[in-house]
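Here's a quick briefing to read alongside the model. Have the viewer open and follow along.

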Amino acid sequence: MSSMRTSRLRAATSHSMLALLSLISVFPVYWMIASSFRRPQDLYDQSLLPWPLSVGNYRQVFDSLDVVGLLGNTLVIAVVTAAGQLVICLLAAYAFAAWDFRGRTVLFMAFVATWLIPFQVTMISNYLVLSNLGLLNTLAGVIVPNLCSALAVLMLRQHMQAFPRELLDAARIDGRGSWTTLWTVVVPNLRPALASLSILLFISAWNEYFWPALVLQRANSVVQLGIRGFLTAEGDDWGAVMAASGLACLPVFALYLVMQRQVIDAFVRSGLR
Amino acid sequence: MFQIVFVEVAYSGALRVPGAGGGAVTVPARPVEALRPPLARRAVAALPPYLYLLPGLACLAVWTYKPVIEAVQLSFYHWNLLPTSPRTYVGFENYKRVFTLPQLRGAAKNTLWYILGLIPFAIILPTAIALGIRNLGGRSRTTYRALIFLPMLMAPVATAAVWRWLLDPQGIVNHALGLGSYNWLREERTALLAILAICAWQILGFATLVISAGLTGISADYAEAAEMDGASRWQVTRWVTLPLLRSTLLFMLLMTVLLSAQWTFPLLDILTQGGPADSTTNVYYLLWEYGFRSLDSGLASAAGISFFAVFAVVAALLVKLADRYSFADN
């Protein structure tokens, strides 16, 4: 009887801990959305529910920022970066998983070590290279230097090593080349892993701040810089700033709503190893 | 061009089979192949993995390793990044400045504060929460997970904007605390704390989920065995669960040490620009300012190399320490 009571007490404690934590996590997001739907004259009224609702802030954002262009540019960067990383790292992981070759360990370490090298050490000379190539202020300048992801190689290699060797051997006996084997045997079997990895890469690229801020100095390029410009220019027009921030989060949040489990799993797995 | 390379890959990939499978059964079908000198054939057979690695390695070489070497070179020069102006060799002058500039010392101290301040939110609190909630099951758990994880997905600029509004003199935080119009981000006393709090808010949920996942990976048998032997719940946690969780905790610690300065970067850039009076700046933010505001590329490179070296040594020490403790435990 008493053990049942303690276990119920324990469950209640867990629930209240988690409820508090959830509240802390969600409140700023809620406040962003709530503030963005307030009428401009109600902004400083701190009631928890915004009422009456208004889309005036959004109208102002659409009037002063090229929202569609910003979101479009960001989308292009995020999709192309994620797709490029996926293909390049898939090939590399395949090499590490399917062959024993001279220099394998050293080359693998060369990939892993990039995780340790801070971006700030390489930024100056990469900046100069882009400027020599005339790629500053272009979307390509944001994408190209980020096409290899150590994380993707690590995760894909892990998945491929768990892949049954017999299937590879069978394909080989069929006389299929390694290139055909990769696309007809390995990739179809890795589909769930590739899907969750591509979500992770897409979200990371969408939320990337540092490199786009350096390469694209114009505020009207990607959504992150658009808001930053807006924040400096409009200063205390919080309703509009919150509306713009909400728009910047919208695609990722929408993806999260639909594929919540895959998103969390991908992130958590990237943090486990 | 890629197309051609890959056709060759497929071809040589198939070639490798006879060598590996033993017996040159398929090779005689092509007499030309058989006449090739064995060395060349072996070289072709060894080629495929390197060809698959080529695009990735090329990216690493061009965008990571070459720049690191160039940063080392730059760190011995004085140059303002303009192609027309000369580079002057200054020896170790830049490194001397790195270790004597008071501004850099302040930034290093702040970085240390960020690391120490984030450890409770990246490791201690998440471990406590993960232990507390591990017996919760089913739907409520999924909902909590989804909510807790939300901050991690928010775009950094949006995070910064929202918190600037929350912490605004007329914002809800002051309103709730009854503080009048206190400006958290403009006061030297609280600016660093505010940045720390925002960063903690971002990583707490993520850390909790990572540690929860680490806990699920531990077999329940050990804890059950210990409980049979009469160990209390706390004893099981302290002597069985936590040691088994060590690699997850170490990973979070490494992330915190190596990445604190990166996590705080966008917040600094958008919210405080390192101020007021350099009270929030960290090593990487200062480095960025040296490089792209003062255009002092030599000093920025020397500082980058120095910090990288320090972080690498700390990381290596941590890993080594963990190794030693794991031996003591077993």
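This is a predicted model: local features need pLDDT of at least 70, side-chain atom pairs count only at pLDDT 80 or more; totals for chains, interfaces and linings use all residues.

Residues are numbered from 1 along each chain as its sequence is written, chains are lettered from A and ligands numbered from 1 in the order in which they are written, and side-chain values use heavy atoms, with hydrogens and water left out.

**Aromatic pairs**
- Searching the whole structure turns up 32 aromatic pairs over all chains. A pair here means rings of Phe, Tyr and Trp (its six-membered ring) with centres within 6.5 Å; planes under 30 degrees apart are stacked, over 60 edge-to-face, and the rest tilted.
- One of them joins A:Y94 and A:W99 edge-to-face, with 5.4 Å centre to centre and 80 degrees between the planes.
- A:Y94 is buried at 3% relative accessible area, and A:W99 also counts as buried, at 3%. Buried is under 20% relative accessible area, exposed is over 50%, and partly exposed is in between (1.4 Å probe, protein chains only).
- A:F210 and B:W288 make a tilted pair, 4.9 Å centre to centre with 40 degrees between the planes.
- That pair crosses between chains, running from helix α11 (residues 210-215) of chain A to helix α14 (residues 283-292) of chain B. Helices (H or I, at least four residues) and strands (E, at least two) are DSSP runs, numbered from the N terminus.
- Both A:F210 and B:W288 are buried, and ring pairs tie them into a cluster whose members include A:F119, A:Y127, B:F265 and B:Y285.

**Charges over rings**
- B:R87 puts its charged end over the ring of B:W79, 4.3 Å from the centre. The test is NZ of Lys or CZ of Arg within 6 Å of the ring centre and within 35 degrees of the ring normal.
- B:R238 does likewise over the face of B:W239, at 4.0 Å from the ring centre.

**Helix α10 of chain A**
- Twelve of the 17 residues of α10(A) are buried, so the helix is largely enclosed by the rest of the structure.
- Among those buried residues are A:L194, A:L197, A:L201, A:F202 and A:W206.

**A threonine facing chain B residues**
- A:T122 lies in helix α5 (residues 119-133) of chain A and is buried, with a relative accessible area of 6%.
- Leaving aside residues up to four places away in sequence, A:T122 touches A:I117, B:W63, B:T64, B:P67 and B:V68. Contact means heavy atoms within 4.5 Å.
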